[in-house]
Amino acid sequence: MSDVITAAAALLEAGALVAFPTETVYGLGADAENPLAVARIYQAKGRPSDHPVIVHVAPGADLAHWCDELPLEATQLVAAFWPGPLTLIVKRAAHIPDAVSGGQDTVGLRCPSHPVAIALLAAFKGGKGGVAAPSANKFGNVSPTTAQHVRDEFQAELDSGLLGAVLDGGQSEVGIESTIVDLSRLATHGPVLLRPGHISGEQIAAVIGQLPALPDAAAPRASGTLDSHYAPHTPVAMQHGDLLGETLNQLLNAGRRVALIHYSDLPPASASVRLEANPASYAHALYASLRTMDQVGAELILVEAPPTGPAWLGVNDRLRRAAFGSTGILQQFLSI
Ligand code: TXA
Ligand code: MG
């Protein structure tokens with residue numbers, strides 16, 4: 001095992017924060033069984049402390065340690081998709097700190113597939129621990145998909161020592177956060193898809209024989225399900241490709257500085273990123289593109305609305321939240 005991993009595991013065991021790569025996005029990790037360590041996550045992120053965090057476990061971890069009940073559906077999904085970008089919400093074991101569960105009676109469990117994450121989880125407490133980790137960004141910001149994004153978000157915390165280390169594992173492959181399925185209320189609600197991601201509801205149905213429902217009002221709270229989340233600082237507006245060319249021309253003619261994220265043939269904007277019209281490669285590049293376009297000095301990030309359909313659910317969900325709060329911005333700019 002590398003010295004870097006051994007040192008990072010020791011930091012976690014001592015109660016410090018360590019940022020690490022996963023295949024979805026980078027996580028800001030702390031020992032899930034140390035409430036003081038978990039409190040540092042909330043402090044660093046500026047996140048409300050009643051929001052639960054996912055517990056990351058090593059491959060083959062004893063899940064009975066973390067949950068009160070492990071339904072058959074959980075065992076089936078673990079066998080099919082772990083290590084991988086799927087988080088399962090189950091009834092929690094009593095010893096899990098409230099700071100992890102957000103005071104709820106459930107816990108989110110995930111075994112990531114990134115080799116650096118696996119090495120860290122295997123080294124931490126000899127593979128028997130759990131690392132509580134939200135995405136390694138300030139609350140509400142775009143999630144990080146590179147180590148540099150994490151350092152950009154937490155330079156002050158690195159300098160002060162609140163963040164002990166940032167492990168570099170290159171660019172996250174999936175690029176958007178894990179799919180979250182709630183299995184904690186099966187008897188009354190069936191499986192519920194709390195957050196769409198790379199693993200689709202249809203793939204889950206193929207394993208457990210039931211399509212997860214969309215969340216209802218009583219579903220457990222998830223901060224990634226707030227209306228406004230994953231948002232750059234520059235306002236974001238989405239429009240379909242057939243209207244977009246004309247809108248872009250009008251904005252540029254009105255002297256507006258517009259950054260464009262698109263996948264069809266469109267005229268150049270003040271700055272542009274062209275993504276592939278494929279849901280996996282689009283998701284892979286989405287957050288890095290939002291961050292880049294957030295830094296070009298544009299007044300607006302115009303996004304060509306992606307296709308709809310099950311494979312695009314995760315991407316559309318994140319973009320809708322990134323654009324929330326910018327409602328009316330296009331009208332405002334175009335009416336001047
Ligand atoms: O891909 C991911 O899931 C990444 C990487 C780092 O693993 N993590 C991530 O964490 O996206 P975070 O905290 O940014 O989002 C986790 C989501 C939040 O919306 C949180 O509210 C929800 O999971 N969550 C965690 N535990 C939960 C629980 N017990 N019940 C309901 N939602 C839960
Ligand atoms: Mg997050």
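A residue counts as buried when its relative accessible area is under 20%. In this predicted model, Cys67 has a relative accessibility of 6% and is therefore buried. The briefing below covers the cysteines, the sheet, the aromatic contacts and the salt bridges.

**Cysteines**
- No disulfides are found in a search of the whole structure.
- Cys67 takes part in no disulfide, and the nearest cysteine sulfur, that of Cys111, is 14 Å away.
- Cys111 is likewise in no disulfide, its nearest cysteine sulfur being that of Cys67.
- Because its relative accessibility is 1%, Cys111 also counts as buried.

**Sheet**
- An open sheet of nine strands has the order β7-β1-β2-β6-β3-β5-β4-β8-β9, with mixed pairing.
- Strands β4 (residues 86–91) and β5 (residues 106–110) run antiparallel and are joined by four bridges.
- Lys91 is positioned opposite Thr106 of β5.

**Aromatic contacts**
- One aromatic pair is present in the structure.
- Its members are Tyr282 and Trp312, in an edge-to-face arrangement with 5.5 Å between centres and 70 degrees between planes.
- Tyr282 belongs to helix α10 (residues 279–294), while Trp312 lies in the loop between β13 (300–304) and α11 (313–323); the pair thus links distant parts of the chain, 30 residues apart.
- Tyr282 is buried, at a relative accessible area of 0%, and Trp312 is buried at 7%.
- In a separate contact, Arg256 lies over the face of Phe333, 4.0 Å from the ring centre.

**Salt bridges**
- The whole structure contains 14 salt bridges.
- One of them joins the side chains of Glu23 and Arg110, at 2.9 Å from N to O.
- Glu23 is in the loop between β1 (17–20) and β2 (27–31) and Arg110 is in strand β5, so this pair ties together parts 87 residues apart in sequence.
- Glu23 and Arg110 are both buried.
- Lys125 and Asp31 form a salt bridge through their side chains, at 3.0 Å from N to O.
- Lys125 is in the loop between α5 (115–123) and β6 (131–132) and Asp31 is in strand β2, so parts 94 residues apart in sequence are tied together.
- Lys125 is partly exposed, with a relative accessible area of 33%, whereas Asp31 is buried at 5%.
- Arg185 and Asp182 form a salt bridge whose closest N and O atoms are 3.3 Å apart, and both residues are buried.
- A network of salt bridges links Glu177, Asp317, Arg318, Arg320 and Arg321.

Methods: Residues are numbered from 1 along each chain as its sequence is written. Chains are lettered from A and ligands numbered from 1 in the order in which they are written. This is a predicted model: local features need pLDDT of at least 70, side-chain atom pairs count only at pLDDT 80 or more; totals for chains, interfaces and linings use all residues. Side-chain values use heavy atoms; hydrogens and water are left out. A disulfide is a pair of cysteine sulfur atoms within 2.5 Å. Buried means under 20% relative accessible area, exposed over 50%, partly exposed in between (1.4 Å probe, protein chains only). Rings of Phe, Tyr and Trp (its six-membered ring) pair if their centres lie within 6.5 Å; planes under 30 degrees apart count as stacked, over 60 as edge-to-face and the rest as tilted. Helices (H or I, at least four residues) and strands (E, at least two) are DSSP runs, numbered from the N terminus. A charge sits over a ring if NZ of Lys or CZ of Arg is within 6 Å of the ring centre and within 35 degrees of the ring normal. Two strands pair if DSSP finds at least two bridges between them. A salt bridge is a side-chain nitrogen of Lys or Arg within 4 Å of a carboxyl oxygen of Asp or Glu.
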